[in-house]
Amino acid sequence: MISINHAKALRIGGVGLAASAVLLAGSGVAMAEEAVPFDTQVKFIFNTLNFLVMGFLVMWMAAGFAMLEAGMVRSKNVSMQLTKNIALYSLAGIMFWLVGYNLMYSGVDGGFFGTPGPVSIPDPAEEAKGLAKEGATMYAAASDWFFQMVFCATTASIVSGTVAERVKLIPFLIFTILLTGVIYPIVGSWEWGGGWLDAKFGFSDFAGSTLVHSTGGWAALAGALVIGARKGKYGPDGSVHPLPGSNMALVTLGTFILWLGWFGFNGGSQLAMDSAENVSAIARIFVNTNLAAAAGAVTALVLALIIYRKVDITLVMNGALAGLVSITAEPLAPSVPLSLFIGAVGGVIVIVFVPLLDKLRIDDVVGAIPVHLIAGIWGTMIVPASNGDATFFGQFVGVVAVGVFTFVVSLIVWLALKAIIGVRVSEEEELMGLDAAEIGVEAYPEFGKGSQAI
Amino acid sequence: MISINHAKALRIGGVGLAASAVLLAGSGVAMAEEAVPFDTQVKFIFNTLNFLVMGFLVMWMAAGFAMLEAGMVRSKNVSMQLTKNIALYSLAGIMFWLVGYNLMYSGVDGGFFGTPGPVSIPDPAEEAKGLAKEGATMYAAASDWFFQMVFCATTASIVSGTVAERVKLIPFLIFTILLTGVIYPIVGSWEWGGGWLDAKFGFSDFAGSTLVHSTGGWAALAGALVIGARKGKYGPDGSVHPLPGSNMALVTLGTFILWLGWFGFNGGSQLAMDSAENVSAIARIFVNTNLAAAAGAVTALVLALIIYRKVDITLVMNGALAGLVSITAEPLAPSVPLSLFIGAVGGVIVIVFVPLLDKLRIDDVVGAIPVHLIAGIWGTMIVPASNGDATFFGQFVGVVAVGVFTFVVSLIVWLALKAIIGVRVSEEEELMGLDAAEIGVEAYPEFGKGSQAI
Amino acid sequence: MISINHAKALRIGGVGLAASAVLLAGSGVAMAEEAVPFDTQVKFIFNTLNFLVMGFLVMWMAAGFAMLEAGMVRSKNVSMQLTKNIALYSLAGIMFWLVGYNLMYSGVDGGFFGTPGPVSIPDPAEEAKGLAKEGATMYAAASDWFFQMVFCATTASIVSGTVAERVKLIPFLIFTILLTGVIYPIVGSWEWGGGWLDAKFGFSDFAGSTLVHSTGGWAALAGALVIGARKGKYGPDGSVHPLPGSNMALVTLGTFILWLGWFGFNGGSQLAMDSAENVSAIARIFVNTNLAAAAGAVTALVLALIIYRKVDITLVMNGALAGLVSITAEPLAPSVPLSLFIGAVGGVIVIVFVPLLDKLRIDDVVGAIPVHLIAGIWGTMIVPASNGDATFFGQFVGVVAVGVFTFVVSLIVWLALKAIIGVRVSEEEELMGLDAAEIGVEAYPEFGKGSQAI
């Protein structure tokens, strides 16, 4: 016999819900909310569910970045990298609630930013009642905040990998606070907040190749330039010394997590699931997203095989990720063959730009600049090939504007941090590892040379 | 051309479904189930979907505990810890089906427990037809069982970490059988089953700060006291020797998995998603849950930095988890600032109680007692601050009743196990590690000192 | 204040959507799509959502296989195993789009295969409009493709583990291309594509115990026979030398991922969620699937304890997986006790067949043949015990037909690959590890003996 968990249901009446009644009776119960037509409620539920399910997939990407980056650094810096990742996800949430969301979305009106300030989450009963009014928002405000917040956190995750193995914890966290509270929201307001890029240039960036990935990439590039390369990475004679990542299983796990999360990233950016057309669009986005990633991975694998005779696993993983970033600006409009092509070029970008950055002596520990910045630009510029509402000029303006603003502001912030508190650990600390220097806990105390444990 | 997978659709007619017809035609097909109004079916679908999606997130927490605990133990005990975790999740499912669910929910009626016995899962066609009746349950019984089962498994997961590195496998599994089949269901029946705590004291515990987390914590504390500390942890002179966990990447992965799963844990506990109000409530719970965790992590990080000058990663991870446990008793009613405060206190609890337990020479390998027991009490006691239906007295009665019952019964069980079959491995086995002693398979045969492999 | 993300909404109008209107107004907006009754759209949304959510869970299984296999091989072969897994998932997507889906589903009509060719994904606006027509498909074509594709990828994942630690990368990838583009689609067409097995024998395989798991298992067996055992595994005197896996934490993580993903694998195979009956069936499938896995794990654990006095963790994990494979042919019709029995026999199969394969000197690195092939046959043959539409004869015909075809074709392909380009690395390369030989990147350069890193 299955009985009803009615006490638990009754408890949830706390903030004015009559959920227990809903649970106990299938029909005929007169409730306050019945004033709102059920079909309207169904649309509201579907749209909110889209934000929640796709949002938790994007939240999961924070774990993906953490694993990917922890696997790409040497074992003496793994605890630090993990700590940075949980901290940045936490700070992104707090800052995007306190400042960022409203700076990005509140009253931008064709301008350059909105009105910052904390977000107030509506009472569910009030929000439901409000649906009876003309022009009501057709999703729960809290679900929208959650979905937008995880995009903000993603931007910060991108920076974390590039500057790994030498950045100090506190300046990194301060940069994260500014990036998630101010820089990303301002850039985002230009387009998704209805600002000037959207209003005057018809810039198009469906899920954030530029607004999220390039923004993160520019901030990372500024950081890499200010902080400098890791000791031993580049010889005085121009030689490049690989500093191999400590754990390829974590790199792969991170890549799979990101791939999974990207269905939420791109699919959820349809922003609605309340009609056959919208859910069909989400399904199409899933297919294009998956195949662009597949094409990026296979292209990088084949090129690595041809060029190097061996298949560097990190190139394949980054190929998949570059495919994902490339399709993110427009995952809906392209046909499958075009999606495969867009993703494949992402794979080419990885093969070309990873060694190129090393030639420029820009030390990007995880390859975030090729994957997020360069592939993000590529994905944005190719949008007009399938989306007639976008123009190459509009896309170009968006790419340049976001790049200049993010890079310059990030550079100023990194330089200010360098001047005031320093951004880089001492040479001695870098040698012994950031885990010993800043965390006090080794990631793998019993494995290999790191072992000082009993 | 896309053709219909109609053979697969036809196959599913096996138990009386006419799903193929549904798949082949959009409208106008007369079917048995049409007797139930479509709007009623839509509500039933949404509520069931809530249990299934949120339930699989909570199921995923079992992996989170496994990874967290595997990372917190030394490498010689990792296989054992992993085996315990998959076994406890399996046993929880079987016991909660065989005994627990009905002991918790069947005919409790204001009393102290229900009528134990196996759960019968209804035939889908019958259950759907039943919706035409007045007062029908508005969700699939199987989905409710699944959702409640994963909560039961969570309770057992909590115990597993505390007693790690010295408990024997068989007594641990016997304890798990009793915890998931009897102890947790009895405690749960008092409130969620509509028992005395709910009926007479208006105790309020939305998603289980007390019923799940403190219950697990009390059972763990009893185990830690009976089994004693690990060899070498506490010196005869009162000194405390850290026995560092073997893998911080797994600890972080586990924390992220738990954080993700908690959206299901708290959000799904709304128990319904069939109205705009209910889904708005779930969205609000997502936001509060996320920000309480963020506040817990940041608070622990800042305090660790101030007190120790270094940021012990395990404190940050446990800070996030304590924030999650703290908000679990009432994730819906609080405003965002209150949620941040509730979570932040969770972070303080970790910083205060982890060293305090060591002072008391209570050896809690993963910090489950601060995180689940103490933060669970805190979360439960703060409910009246936002939920007017709860009283401090009622909450206090609940906390004490659950604590006394769970602790005393657990103590008796652990002592009985100790007397009859022993609960602790021999000193020799503890030294060589439980993997060699009980599993016969090293977790990392090639890494570090553990290496005896080819 | 929460404002609407209307610019982002406006952008999504790119391919003819009026999503912004949907977002801005709750009702009363006249839209093209309104011609399709809302109830029809709701059914379409639910069915599509089923494919997307359950599909992303199955996609996640690709990560599960990657982790499981990476943990079961020695550390010198981990990067190779990870590379194979991301590559096979990528290739499966491309091949199933280019050839496989239509070969499996397009115009099979009781025959032996369909008409191969690329899948075209419909325009969402067109697809939504099409719902007004009689007999329209009640789910998004793209979501169906996505869901079927991840099953195809699963089949390839199974092969990957068996032939680990000695197969060369390129022949493995060629085999994957043929398996996902041709072999699996042909076998699948016989039943799910409406081919001869379905039309003439009433063969029943709900979610693929035979069509996915045995197919993968037969292909793996053929590979193992052609490639031969790893050096050092079997002594000339008939002795068996265990070559322990390098990372049990990854094995456990992989198992938990697969368990989670299996809710999508079996639950999603209901293929519809648009009625109370269908969602009730999905819920019932969740329960049976979970408990069959639990029974498999517990059975393997208890038998290992009785036979060996120690609980080899890999047997417990494989027990859970064998339970999952066993219930996959019919997860809906059985009662809970029958599901427990079906899963428990899966656990017995692991305990019996893992040593048996070693006796036959068939070197199956991860145990995929017992878990996927033997348990897949068991699960298929027991279907008639609960599903009256299936017969033992029909099931037997299906098992034999799939086995003979897959094994013979796979054998030919492996032998051809062996003759033309070779399938196995040199003895020297096997000794030094495939990571050094083919990938050029060690998985764990700093751990244990593998350490050559700075």
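**Exercises on a predicted three-chain model**

Helix 14 of chain A is mostly covered, since 13 of its 14 residues are buried. The model is predicted, and the exercises below work from its coordinates.

**Exercise 1.** Describe the side of chain A that touches chain C, by count, by helix and by residue class.

*Solution.* Step 1: the contact involves 82 residues of chain A and 80 residues of chain C. Step 2: the helices of chain A that each supply at least two residues to this side are helix 3 (38-72), helix 4 (78-105), helix 6 (141-162), helix 10 (248-267), helix 11 (276-308) and helix 12 (313-327). Step 3: helix 11 of chain A gives the most, with 18 residues. Step 4: by class, this side of chain A holds 46 nonpolar, 24 polar and 12 charged residues.

**Exercise 2.** Identify which residues touch the most other members of the largest nonpolar core, and list the contacts of Phe146(C) beyond four places in sequence.

*Solution.* Step 1: the core contains 534 residues. Step 2: those touching the most other members are Phe146(A), Val316(A), Phe146(B), Val316(B), Phe146(C) and Val316(C). Step 3: in chain A, Phe146(C) touches Ala283(A), Phe286(A), Val287(A) and Asn290(A). Step 4: in chain C, Phe146(C) touches Phe51(C), Leu52(C) and Gly55(C).

**Exercise 3.** Classify Gly111(B) and Ile412(C) by exposure, and place each in its chain.

*Solution.* Step 1: Gly111(B) sits in the loop between helix 4 (78-105) and helix 5 (124-130) of chain B. Step 2: Gly111(B) has 14 other C-beta atoms within 10 Å, so it is partly exposed. Step 3: beyond four places in sequence, Gly111(B) contacts Gly195(B) and Trp196(B); the C-alpha atoms of Gly111(B) and Trp196(B) are 5.1 Å apart, although 85 residues separate them in sequence. Step 4: Ile412(C) belongs to helix 15 (residues 392-420) of chain C. Step 5: the cut-off for an exposed residue is 12 or fewer other C-beta atoms within 10 Å; Ile412(C) has 12 and is therefore exposed. Step 6: Ile412(C) and Ala35(C), 377 residues apart along the chain, have C-alpha atoms separated by 54 Å.

Note on methods. Residues numbered from 1 in each chain as written. Chains lettered and ligands numbered in written order. Predicted model: local features only at pLDDT ≥ 70, side-chain atom pairs only at ≥ 80, totals over all residues. Helix = DSSP H or I, 4+ residues; strand = E, 2+ residues; numbered from the N terminus. Buried ≥ 20, exposed ≤ 12 C-beta atoms within 10 Å, placed from the backbone. Contact = placed C-beta atoms within 7 Å. Nonpolar A, V, L, I, M, F, W, Y, C, P; charged D, E, K, R; others polar. Core = buried A, V, L, I, M, F, W, Y, C linked by C-beta atoms within 7 Å.
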